[in-house]
Amino acid sequence: MTKFRFETTSATLHILAMAFMLCDHLWGTIVSGNEWLTCIGRLALPIFAFLLVEGYFHTKSLKKYAGRLFIFALISEIPFNLMMGGSIFFPIHQNILFSFLIALGLIFLNEKAKANGKISLRILTGVCTVILGAVFGLLTMVDFYHAGILTVLVFYFFRGRKWWCLLGQILSLWYINFEILGGLVYEFGAITFPQQGFALFALIFIWLYHGKQGYHSKPFQYFCYTFYPLHMMVLALLRILLTS
């Protein structure tokens with residue numbers, strides 16, 4: 001008798017992350033006031049961050065992987081500017097793909113140190129890349145600033161299913177979302193819970209992943225990349241039409 005086990009695949013996680021992101025961006029553009037949408041949207045970043053780390057270790061060519069991210073980061077910048085700032089030029093905030101590119105470079109540095117074999121170098125590199133990630137995130141003003149880059153590094157440093165990896169993910173995401181980002185706080189009697197804290201629920205879907213890719217094709221791959229700039233452009237145009 002076959003034992004049934006519910007699990008997510010890489011394809012499932014991509015679809016979920018895109019749906020959660022769409023909810024958040026809908027709230028931020030044409031259906032503001034529906035806070036439940038942005039609460040759901042908090043789950044998107046951890047899933048995308050997790051998928052970036054998995055992508056690093058499963059890609060056949062890191063150069064091509066980084067190249068695709070860079071191209072779509074450039075393509076996404078104007079739609080992102082229109083959605084976030086209402087203008088083509090919005091220099092004080094850059095899209096999340098630039099955050100992911102920085103994080104990808106930091107993972108590469110850590111892997112180079114790991115290949116060296118010296119534990120002292122690995123520890124030093126790990127500490128330095130966390131600091132660099134925080135500094136670069138703030139200076140470049142990428143989406144989520146340093147928190148976005150650090151979220152990716154959480155899933156890199158605590159990659160795996162050992163108990164200490166799962167605990168590290170919980171504690172690190174708690175610190176990033178409760179202490180660094182914070183934001184609007186909800187009160188449930190004597191308990192307070194920040195809106196950003198809903199990001200931790202993304203771990204439910206991430207922990208159901210057991211390394212399976214699921215559906216994969218070139219059209220689906222590029223749909224996932226294209227969805228980011230395309231949905232932002234559509235939402236930006238809809239907001240302009242609805243407010244004109």
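# The second largest pocket

The lining of the second largest pocket comprises eight nonpolar, two polar and four charged residues. The structure described here is a predicted model. In this model, the second largest pocket holds about 340 Å³ of space. Its lining is formed by 14 residues, and those that lie nearest the centre are Lys-114, Arg-122, Tyr-156, Phe-157 and Trp-164.

Four helices each contribute at least two residues to the lining of this pocket: α5 (96-116), α6 (119-140), α7 (145-157) and α8 (163-181). The largest share belongs to α6, which provides four residues.

# Helix α7

Helix α7, one of the helices that line the pocket, consists of 13 residues. From its first C-alpha to its last it reaches 19 Å, which is close to the 18 Å expected at 1.5 Å a residue.

A residue counts as buried when its relative accessible area is under 20%. The buried residues of α7 are His-146, Ala-147, Gly-148, Ile-149, Leu-150, Thr-151, Val-152, Leu-153, Val-154, Phe-155 and Tyr-156. Among them, Tyr-156 also belongs to the group nearest the centre of the second largest pocket. The helices against which the buried residues of α7 pack are α3, α5, α6, α8 and α9 (202-207).

# The contact of α3 with α4

Two packed helices are described by the angle between their axes and the distance between the axes. For helix α3 (residues 44-58) and helix α4 (residues 62-85), the axes come within 9 Å and cross at roughly 145°. On the α3 side, the contact is made by Leu-51, Leu-52, Gly-55 and Tyr-56. On the α4 side, Leu-62, Tyr-65 and Leu-69 take part. Of the residues in this contact, six are nonpolar, one is polar and none is charged.

# Pro-194 in strand β2

Pro-194 lies in strand β2, which covers residues 191-194. The relative accessibility of Pro-194 is 7%, and the residue therefore counts as buried.

Which residues does Pro-194 touch, when those up to four places away in sequence are not counted? They are Asn-177, Phe-178, Gly-182, Leu-184 and Val-185. A further comparison concerns Ile-149, one of the buried residues of α7. Pro-194 and Ile-149 are separated by 45 residues in sequence and by 20 Å in space, taken from C-alpha to C-alpha.

Conventions: Residues are numbered from 1 along each chain as its sequence is written. This is a predicted model: local features need pLDDT of at least 70, side-chain atom pairs count only at pLDDT 80 or more; totals for chains, interfaces and linings use all residues. Side-chain values use heavy atoms; hydrogens and water are left out. Axes are lines fitted to C-alpha atoms, for helices over the stretch in contact, and angles run from 0 to 180 degrees between N-to-C directions. Contact means heavy atoms within 4.5 Å. Ala, Val, Leu, Ile, Met, Phe, Trp, Tyr, Cys and Pro count as nonpolar, Asp, Glu, Lys and Arg as charged, and the others, Gly among them, as polar. On a 1 Å grid over the protein atoms alone, a cavity is a set of points where a 1.4 Å probe fits but cannot get out, and a pocket is an open set with protein on both sides within 12 Å along at least five of seven lines; lining residues have an atom within 4 Å of a point. Grid points are joined across faces, edges and corners, and a volume is the space filled by probe spheres set on the points. Buried means under 20% relative accessible area, exposed over 50%, partly exposed in between (1.4 Å probe, protein chains only). The expected span of a helix is 1.5 Å times one less than its number of residues.
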